[in-house]
Amino acid sequence: MPYRSPPDFESRVYGPQRVAAIVATLVEEGIAPGQALTGSGIAEDDLRQPSMRISYEQAAAVFRNAVRLAPGPTVAFRAGIRMHLTAYGMYGYGLLSSPTHADLMDFVIKYNRVMGPVAGPVAYLREGAVGVLPYEVLLSPDPDDPLYRFALEFAMAAHLRLGRDLYGPSFGFASLQVRFREPEDLSAYRTLFRCPAIFAQDRDELSIGAPWIDHPSRLPDSVTHAMVSEMCQQVLADLPRSSGVSSVVRRTLIDHMPWRFPTIEPMAAELSIHPRTLRRRLEAEGTNYRGILADVRRVLAIEYLRTTRMTTEEIAERLGYSDASNFRHAFSRWTGRSPQDYRAPRP
């Protein structure tokens, strides 16, 4: 599989959850957070800020530190297994609400880049009673690079945790294969994955067998799934130009699940900047807080109209409007049409 670099290595647009998991695991080994974060430009307190955004460059620095500092072969696995569903924000809601396993896999392949993965699946191939997920590693193109192995082991352990959170503690892989050479100590693979592991192959991939590939979703919700899919699509579209504060504001609004819409003052507090500074920075990027909030509401309103039978009053309430009339006026400004005209007739 050809190596594809991240869409933008320097833009700080991704959540710090993976870095936080690495730091917490190294702390268990007696390694101070400052050591784990050396050279990354990230402070320990930053990891506790919900609005914190980091770049691939910063994540790679922390992962390289972990490779250097890890006292044993299990750190990548133990850090990855910390990545519970709740660490994924809106993306996690998309996984949890997937109506079917096929919808879940489609969502993973389309939108895993939203979270800034260090490694992740690029396709889902159904081969009889087995589902195969080829992986790519984004932090390094070289399977002989220790960073390559660390990132892939972290990602596969995180995938296992997601599966267990979605389907229960008995979830597991049918097999896995990787490009790097067989490690001297395989005990961590046997303990965690409990499936055949094959090394020095021509590609990295996981296989998932019965009953999991046809397992029903635990909390299917087609409305939430469609809504989150729409927002993830917009985040992906924004990635090439996402280095500014407007992108951070948009992503922070989207991450407020379920949909809660703070005014600019609490948003500024969440971003640890003064409201006047936030207004000034948004103006410098040719936008404002009201416009970003309206755009988020517009996307959600369209999804509600497309995928639900909710009344205009119910949608207005969901989007934080004081009454349906205000919502109708806003929708008309956004689209040039009324909500009733926009909603397609149903048979």
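**Cavities in the model**

Modeller: The count comes to 4 cavities of 30 Å³ or more. This is a predicted model. Start with the largest cavity. About 320 Å³ of space lies in it. Its lining is made up of 26 residues. Closest to the centre of the largest cavity are Tyr91, Val108, Tyr135, His159 and Leu162.

Now the elements around the largest cavity. Four of them each give at least two lining residues: helix 5 (89–96), helix 6 (101–111), strand 1 (119–121) and helix 7 (146–167). Helix 7 supplies the largest share, with 8 residues.

Next comes the second largest cavity. It holds about 100 Å³ of space. Here 14 residues form the lining. Gly15, Arg18, Ile54, Ala59 and Gly116 are the closest to the centre of the second largest cavity. Helix 1 (17–28) and helix 3 (56–69) each contribute at least two residues to the lining of this second cavity. By class, the lining of the second largest cavity divides into 9 nonpolar, 4 polar and 1 charged.

To look for yourself, begin with the largest cavity. Find Tyr91 and His159, two of the residues closest to its centre. Then trace helix 7, the source of 8 lining residues there. For the second largest cavity, go to Arg18 and Ala59, which are among the residues closest to its centre.

Terms used:
Residues numbered from 1 in each chain as written. Predicted model: local features only at pLDDT ≥ 70, side-chain atom pairs only at ≥ 80, totals over all residues. Heavy atoms only, no water. 1 Å grid on protein atoms, 1.4 Å probe; cavity = no way out; pocket = protein on both sides within 12 Å on 5 of 7 lines; lining within 4 Å. Points joined across faces, edges and corners; volume = space filled by probe spheres on them. Helix = DSSP H or I, 4+ residues; strand = E, 2+ residues; numbered from the N terminus. Nonpolar A, V, L, I, M, F, W, Y, C, P; charged D, E, K, R; others polar.
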